[in-house]
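Subject: Structure handover

Hello,

The structure is below, with notes on what was found in it. Please read the notes alongside the coordinates.

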Amino acid sequence: MTSKWNYLSHYTDEQRHDDELARRFANCAPISDLLLQRGITSLSDAEKFFHPSLRDLHDPFLMPDMDKAVDRLNRAMGSKEKIMVYGDYDVDGTTAVALVYRYLQNFYSEIDYYIPTRYDEGYGISRRSIDMAAEQGVKLIIILDCGIKAIDEIAYAKQKGIDFIICDHHVPDDELPPAVAILNPKLEGSTYPCQHLSGCGVGYKFMQAFSISNGIGTAELDGMLDLVAVSIAADIVPMVDENRVMAYVGLKRLNSNPNMGLRAIIRTCGLGGKEITISDVIFKIGPRINASGRMQSGREAVELLVSRDMKDATRRSIAIDQYNKDRKELDKRITEEANAILDSRGEMDSDKRSIVIYNKDWHKGIIGIVASRLTELYYKPAVVLTFANGLATGSSRSVQGFDVYKAVESTRDLLENFGGHTYAVGLSMKEENLPEFTRRFEEYVASNILDEQLTPQIDIDAVISFGQITPEFVSTLRLFNPFGPGNQKPTFCSRRVKDFGTSKLVGKQLEHIKLELVDDTSGKVFNAIAFNASQYFEKIHDGCYFDICFTIEENKHRNAASTLQLLVKQIHICDD
């Protein structure tokens with residue numbers, strides 16, 4: 001699907017940078033524009049952006065209920081109560097549980113952790129887990145990355161003498177569970193400066209507050225920021241404010257002295273010796289941790305992440321790597337089946353503005369991934385459902401700019417449960433409600449989605465010539481890391497480039513183009529790769545001028561010089 005090129009201009013004349021910033025980047029003008037698009041207008045702000053520091057983290061006690069949460073935890077430890085750390089089975093939940101459990105283990109032994117099974121218990125808190133906790137004498141449960149909607153379950157736990165501290169980041173309802181404390185920066189009335197923490201990030205802030213209240217130095221806690229960085233990348237929360245600080249410091253830890261379980265994963269997926277980036281976490285590390293909860297049990301991921309023995313960690317990472325291979329096979333098969341169904345329905349040419357698809361036999365752990373793939377292919381909000389635990393259960397994903405949470409929420413009277421974010425929601429309903437859900441979901445999307453949101457767009461940060469891609473430019477661009485929502489990797493456009501004469505088709509089916517490109521502004525030849533762009537090869541090979549939009553990629557191994565390559569997102573052949 002061809003994307004619209006959207007040239008960004010996120011600032012007005014009044015927001016232009018000061019003279020000091022302009023002088024600093026006089027030889028790298030695009031850098032100034034990139035900073036302005038991120039709201040950075042002074043040299044001092046630029047220095048702070050380029051060099052994130054833990055000193056810039058917010059006071060954790062600014063979060064509502066933090067004092068109550070710390071007080072209840074201190075009382076539990078002082079009274080030798082049994083504590084359970086409970087979390088979701090995805091990357092965010094398992095990293096959060098690993099962080100809080102391992103950190104508190106340094107000071108307290110009456111503590112255990114629990115991850116519900118996706119297939120027997122489902123998302124969030126189950127009565128089964130509460131009964132088990134009560135039988136074990138647990139008096140306090142710290143729940144991470146879920147719990148904000150568990151009103152009945154927490155009330156049930158309260159009857160059994162179990163208190164809850166909720167550490168969540170999902171959108172809350174008007175009615176809140178009867179927990180001792182609720183730590184969630186999205187709570188109505190919250191003035192916490194960073195509203196879009198990951199679940200693991202909320203857990204980190206809780207432990208930070210615990211440390212401060214007990215006069216404990218945070219060096220050990222800060223050494224666990226690699227887990228937070230993994231959660232931030234995998235959960236795709238905005239890479240701004242203290243998320244960016246924690247991801248920056250966590251990535252450094254990931255590259256120097258990572259958690260033993262993460263070190264084992266790094267070796268297993270072939271990242272050893274390579275400089276690990278956010279992209280590596282998203283596409284290699286995160287999926288392996290997730291595969292445990294998708295294919296078997298999220299507890300296995302926590303067991304890996306809390307391991308203190310390298311031999312044990314390696315064994316566990318190999319098992320999780322196999323889960324990931326199995327997941328890929330299932331993902332491929334189910335996506336093909338879903339596409340066949342949608343193709344038979346004429347979905348590509350349909351006037352419908354959403355997709356709802358249901359198959360009883362699909363694997364519950366894979367449908368969120370399939371929803372993402374269908375959204376990418378058809379560029380419509382998609383809901384994919386299967387049958388589990390007596391209900392039609394599934395996941396929804398959305399296109400850029402459209403709030404699928406509100407779309408799902410509009411049908412809440414048909415649902416047994418739902419929860420999530422702007423772009424991803426989990427939901428379940430009685431099977432007989434599916435036709436009405438499908439109708440009303442489409443009705444809401446059709447009434448609220450904008451035409452431009454149904455067309456993929458590539459945001460172009462700046463138009464540059466090859467002559468502007470200097471060593472100084474590339475070096476400064478590196479300081480924009482880590483990238484993510486709110487601080488995406490800059491995409492550039494270069495106009496009227498052409499083949500140096502050596503470009504060729506590559507790939508198993510010769511579907512990609514390996515390019516060597518030049519333009520009229522310099523004598524430099526740039527290596528580039530354009531995936532799935534073979535349809536342009538003939539004209540490029542004939543010497544036609546063309547425009548490209550691209551990102552600048554560096555392939556860097558530790559203690560070795562980096563190589564530069566342009567990753568071409570799209571090609572426009574020039575008319576003349």
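**Strand β16 and its partners**

The bridge partner of L505 in β16 is I513. This is a predicted model, in which local features need pLDDT of at least 70 and side-chain atom pairs count only at pLDDT 80 or more, while totals for chains, interfaces and linings use all residues. Residues are numbered from 1 along each chain as its sequence is written, and side-chain values use heavy atoms, with hydrogens and water left out. Strands (E, at least two residues) and helices (H or I, at least four) are DSSP runs numbered from the N terminus, and two strands pair if DSSP finds at least two bridges between them.

Of the 7 residues of β16 (residues 512-518), 5 are buried, so the strand is largely enclosed by the rest of the structure. Buried means under 20% relative accessible area, exposed over 50%, and partly exposed in between (1.4 Å probe, protein chains only).

**The five-stranded sheet**

An open sheet of 5 strands is ordered β7-β8-β9-β11-β10, with mixed pairing. Its edge strands, β7 (355-358) and β10 (415-420), each pair on one side only. β7 runs parallel to β8 (residues 382-388), with 4 bridges joining them. In this pair Y358 is opposite L385 of β8.

**Helices α15 and α16**

Helix α15 (residues 310-344) packs against helix α16 (residues 367-378) at an angle of about 45 degrees, with the axes 10 Å apart. That makes α15 oblique to α16. Axes are lines fitted to C-alpha atoms, for helices over the stretch in contact, and angles run from 0 to 180 degrees between N-to-C directions. Angles under 35 degrees count as roughly parallel, over 145 as roughly antiparallel, 65 to 115 as roughly perpendicular and the rest as oblique.

The contact (heavy atoms within 4.5 Å) involves residues including R327, D331 and I334 of α15 and I369, V370 and R373 of α16.

Regards
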